[in-house]
Amino acid sequence: MKRRRFLAVLGAAAAAMPFAVRAQQATRLPTVGFLGAGSPSGWSHWTAAFLQRLHELGWVEGKTISIEYRWAEGHSERYPEIAAEFVRLKTNVIVSTGSVALAAKKVTSAIPIVFTIAADPIGDGMVASLARPGGNVTGLSTQGVDVATKRLELLREIVPDLRRFAILAELGNLGTVLEQHKVEVASKALGLEALTLELHSADDIAPALAGLKRRAEALYVLPNPIANTNRARINALAIGEHLPTMHGFREYVEADGLVSYGPNTVDMFRRAGDYVDRILRGSKPADIPVEQPTKFELVINQKVAKALGIQLSPTLLARADEVIE
């Protein structure tokens, strides 16, 4: 009799225990594989935004969710091996940028993949459509290819006498290739000459920009992991060559680039938390539409403009979402 009463009390206590706690005791925590294409310091603001959103949705790192961080440090050849490691770790979802997600998709068709910043997820074959991605990949598109023409028009507005400009691109990065093609087409329509500088690694940056002032009047930096990891160095070299720079993300302008036009990347990483939440709660990536930016930011670094001796028009400054002094 006493034993039956003891078991009844024990059962009641177990029933009163929070479901999440009981689930943790029975199984391991849901695990996210977070693959940073760059470095922890360069991605700190993106990582923080992602974690903050997860916390708002009820996920606490180490208590209700586990996150495995891996950093490629700008070396794209590491993407497949890190993705394979996430497969061995049996992560529930992989989070990263477009170029990384494309590499991860080739490694696994089973684990859900969420990309945060992808220039053209349809064009590079990651998803079947924005509304119905299909497969195991979904996320957020930057529409980088679509706004490439706008960036070039802004660059010509800043440099009215622009005739020749250089494009800094990462060799083999499909998102870069798609935007590069768009820029080259737009340059012809605008009567401009484009010179492409290809990067295999960070070691190619200095030689590519050395003496560039003699061959170009501006530099269009395509967003890519190598450039993102080395954005301060690229901008310093460009200033040394007395070249104005156009970028896709504001982080480049904060690192002494001249101007950027693109979506708010911090917000995109924050919104990636919603995708992870939905997937961990049972939604399939194939059924979660790819989101597109609703707003693009024009950010100008006035300090850099003054260093380059460029007089920016009052109308351009008035249109900017932010002017860094």
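**Note on the predicted model: loops, strands and helix packing**

1. Glu73 is partly exposed, with a relative accessible area of 38%; here buried means under 20% relative accessible area, exposed over 50% and partly exposed in between, with a 1.4 Å probe and protein chains only. Glu73 sits in the loop between strand 2 (66-71) and helix 4 (79-88), where helices (H or I, at least four residues) and strands (E, at least two) are DSSP runs numbered from the N terminus. Although Glu73 is not a glycine, its phi is positive, at about 55°. Most residues other than glycine have a negative phi.

2. On the basis of the coordinates, this is a predicted model in which local features need pLDDT of at least 70 and side-chain atom pairs count only at pLDDT 80 or more, while totals for chains, interfaces and linings use all residues. Residues are numbered from 1 along each chain as its sequence is written, and side-chain values use heavy atoms, with hydrogens and water left out.

3. His242 belongs to the loop between helix 10 (231-240) and strand 9 (245-247), and its relative accessibility of 39% makes it partly exposed.

4. Strand 5 (residues 137-141) has 5 of its 5 residues buried, so it is largely enclosed by the rest of the structure. Strand 4 (residues 113-118) pairs with strand 5 in the parallel sense over 4 bridges, two strands being taken to pair if DSSP finds at least two bridges between them. Within this pairing, Phe115 has Gly139 of strand 5 as its bridge partner.

5. Helix 4 packs against helix 5 (residues 98-107) at an angle of about 55°, with the axes 9 Å apart; axes are lines fitted to C-alpha atoms, for helices over the stretch in contact, and angles run from 0 to 180 degrees between N-to-C directions. Helix 4 is therefore oblique to helix 5, given that angles under 35 degrees count as roughly parallel, over 145 as roughly antiparallel, 65 to 115 as roughly perpendicular and the rest as oblique. Contact (heavy atoms within 4.5 Å) is made by Tyr79, Pro80, Ala83, Ala84 and Val87 of helix 4 with Ser99, Val100, Ala103, Ala104 and Val107 of helix 5. These residues comprise 9 nonpolar, 1 polar and no charged, where Ala, Val, Leu, Ile, Met, Phe, Trp, Tyr, Cys and Pro count as nonpolar, Asp, Glu, Lys and Arg as charged, and the others, Gly among them, as polar.

6. For helix 6 (residues 148-158) and helix 7 (residues 174-189), the axes come within 9 Å and cross at roughly 50°, which means that helix 6 is oblique to helix 7. This crossing is right-handed. Ala148, Thr149, Arg151 and Leu152 of helix 6 meet Glu179, Lys182, Val183, Ala186 and Ser187 of helix 7, and by class this contact has 4 nonpolar, 2 polar and 3 charged residues.

7. An open sheet is formed by 7 strands in the order 7-6-8-9-10-11-12, with mixed pairing. Strand 7 (193-199) and strand 12 (322-324) are the edge strands, each pairing on one side only, and neighbouring strands are turned by 20° against each other on average, direction ignored. Strand 9 and strand 10 (residues 259-262) run parallel and are joined by 2 bridges, with Val259 of strand 10 as the bridge partner of Met246. Helix 7 packs on this sheet, touching strand 6 (164-170), strand 7 and strand 8 (219-221), and its direction makes about 170° with that of strand 6.

Conventions: A crossing is left-handed if the near helix is turned anticlockwise from the far one by less than a right angle, and right-handed if clockwise.
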